[in-house]
Amino acid sequence: MRIKDLDFFYGDFHCLHKVCLEFNANQVTALIGPSGCGKSTLLRCLNRMNDLISTSRVQGEVLLDDQNIYKPDVDVVTLRRHIGMVFQKPNPFPKSIFENVAYGLRVNGVKDKTYVQERVERSLQEAALWDEVKDRIHESALGLSGGQQQRLCIARAMAVEPAVLLMDEPASALDPIATQKIEELIHKLKETYTIIIVTHNMQQAARVSDVTAFFYLGELIEVDQTKKIFTRPSSQKTSDYITGRFG
Amino acid sequence: MKKDGTNKDTGLGRGLVLSQGNVAVDIDRSTELLGRRKLFQSVTFWLFRLSAAVNGIALLVVVFFLITKGWRAINWTFLTQPPMDSMTKGGILPCIVGTACLSIGALVVAFPIGVASAIYLHEYARLGRVLRVIRLGINNLAGVPSVVFGLFGLAFFVVWLDMGVSILAGSLTLGALTLPVIIGASEEALRSVPDTYREASLGLGATKWQTIYRVVLPAALPGILTGAILGIGRAAGETAPIMFTAAVFYTPSLPSSPLDEIMALPYHIYVLATAGTEIEATRHLQYGTALVLIVLVLGLNLFAIIYRARLRKRQ
């Protein structure tokens, strides 16, 4: 996945400035930066979720497999199947655990009951949640703890087998133990998916990602291997942010 | 504890004394002020409680009045027989049936249109002049007096569309009256569904309609249904809209088609009390009918409230 010269506007506000970024397959890329620097906005540009905001405007290209997703003839609905998203606050539907994970399959027209059953089980296993919920899989998802709900949301996103997984501060609403489980999960998942994660927690970025991109006020300041960014950053701003000079 | 052994009650609880270093706080004065403030608060809260109580009391007074005046008329015959002997004897079965038909008819008209409108207004419509005009229309529709609805129904459904005085005309008229209620309740229900659900659904590759149909509507359903029940309750009790469009003084048989004219509970009360031939003699029947009507409406409202509370608890 690649971003080429992306500019983004909320009405008159120029939010992202000529962003060029490349995401390698089967790697975790972390987007870090102070609040309001546009990292969540950038993430939402990748699956065209910003289309929901009527005043948003995009210039430039976002390429998935060398195809620009902002071309006018692109079917957004299919696109979002290939690019999954996990949100900051866990948001399972008020349905059963099973129906939550099966939702993506059902809306995409999958009717085969056994296939749905298998995929739900497999997704929950991949999300490290199966053992905890297998006995109450038809009970309401709202009865799960925060950490479990977030893992459910991850399972739900994975059920449709996307190529890319976007995570917008997935662990920020969770306690440390749940956070740790999510981070372990991300480690495991990158073998199958390309993961792009937004986080304001620098230690998390350091723990979890292979590549880190630092944003400031809508501009990409520096992008490099995580180890290098956190030990020998090339830009002064990056090193200021990482050492906590501003945040 | 102060050095001189005093332990004044500052209103924070016994034994807790405030002092600021070397400057002693004037505890006496602040206690007095605190007492006055508390008194003022008590008085205002009691006024609020009284206002709320007036609501309940008013309802109880009305119900109590009707029960004492009307319970004598209630018996099995009253509820299952048609009126006889110039309405002085017999029962109100045709009225009960007629009111039921009209209420269900109004719902059949208003519910689909109302819910669909609410979905359009909340999920699809874009801000702009068209939206404002529609909302203006709905708000004004809600403010139209019921007798004006009745005249409209007479002119449009009964005469112009040639439906005659019938359940059909009455249902359409009542439906128009109930429409704003259902739109309002449905929109509120849709608004209460968090946007995060919609985002999650769209993020999984669902279309907008799939999102509405599979996630938003089921989540909003309790609120929508409650609105529908309250809507029926309102429609059941209206007199003016049905006076010209569906209800008649007397009809010998129960309705067999939507084009039949019917008797109805609220209209029956009106008729007995003003235009009937034996006003005084039927007084107890009037109260009896009123009692049946209010039990019906209150029962529906109570059902709606309990149902909504149960669903809220489940969520």
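Visitor: Which residues have the most contacts inside the largest nonpolar core?

Guide: The model is a predicted one. A nonpolar core here is a set of buried nonpolar residues joined through C-beta atoms within 7 Å. The largest such core has 141 residues. Those with the most contacts inside it are Leu31(A), Ala155(A), Ile195(A), Ile197(A), Leu102(B), Ile182(B) and Ala264(B).

Visitor: Which helix gives the most to this core?

Guide: Helix α6 of chain B, residues 167–191, gives the most, with 14 residues.

Visitor: Which residues does Ile197(A) touch?

Guide: Leaving aside residues up to four places away in sequence, Ile197(A) touches Val28(A), Ala30(A), Met167(A), Pro170(A), Ile186(A), Val208(A) and Ser209(A).

Visitor: How many helices and strands are there in chain A?

Guide: Chain A has 10 helices and 10 strands. Its radius of gyration is 18 Å, close to the 18 Å that the globule rule gives for 247 residues, so chain A is as compact as a globular protein of that length. The C-alpha trace of chain A spans about 55 × 45 × 30 Å along its principal axes. Of the 247 residues of chain A, 44% count as buried.

Visitor: What share of the contacts in chain A comes from residues 24 or more positions apart?

Guide: Taking contacts with a separation of 6 or more, residues 24 or more positions apart account for 67% in chain A.

Visitor: What is the order of the strands in the open sheet of 4 strands in chain A?

Guide: Strands of a sheet pair through backbone hydrogen bonds, either parallel or antiparallel. In chain A the order is β2-β1-β4-β5, and the pairing is antiparallel. β2 (13–22) and β5 (67–68) of chain A stand at the edges with a single partner strand each, so one side of each is left without a neighbour in the sheet.

Visitor: Which elements of this sheet does helix α1 of chain A touch?

Guide: Helix α1, residues 39–46 of chain A, packs on the sheet and touches β1, β2 and β4 of chain A. The direction of helix α1 makes about 65 degrees with that of β2(A).

Visitor: How many bridges join β1 to β4 in chain A?

Guide: There are 7 bridges between β1 (residues 2–10) and β4 (residues 56–64) of chain A, and these strands run antiparallel. As one pair, Ile3(A) has Val62(A) in β4(A) as its bridge partner.

Visitor: How many residues does the contact take from chain B and from chain A?

Guide: The contact takes 15 residues from chain B and 20 residues from chain A. On the side of chain B that touches chain A, the elements giving two or more residues are α7 (195–203) and α8 (208–237) of chain B. The largest share of that side, 6 residues, comes from α7(B). By class, that side of chain B has 7 nonpolar, 6 polar and 2 charged residues.

How values were computed: Residues are numbered from 1 along each chain as its sequence is written. Chains are lettered from A and ligands numbered from 1 in the order in which they are written. This is a predicted model: local features need pLDDT of at least 70, side-chain atom pairs count only at pLDDT 80 or more; totals for chains, interfaces and linings use all residues. The radius of gyration is taken over C-alpha atoms; the globule rule is 2.2 Å times the number of residues to the power 0.38. A residue is buried if 20 or more other C-beta atoms lie within 10 Å of its own, exposed if 12 or fewer, and partly exposed in between; C-beta atoms are placed from the backbone. Two residues are in contact if their C-beta atoms, placed from the backbone, lie within 7 Å. Two strands pair if DSSP finds at least two bridges between them. Axes are lines fitted to C-alpha atoms, for helices over the stretch in contact, and angles run from 0 to 180 degrees between N-to-C directions. Ala, Val, Leu, Ile, Met, Phe, Trp, Tyr, Cys and Pro count as nonpolar, Asp, Glu, Lys and Arg as charged, and the others, Gly among them, as polar.
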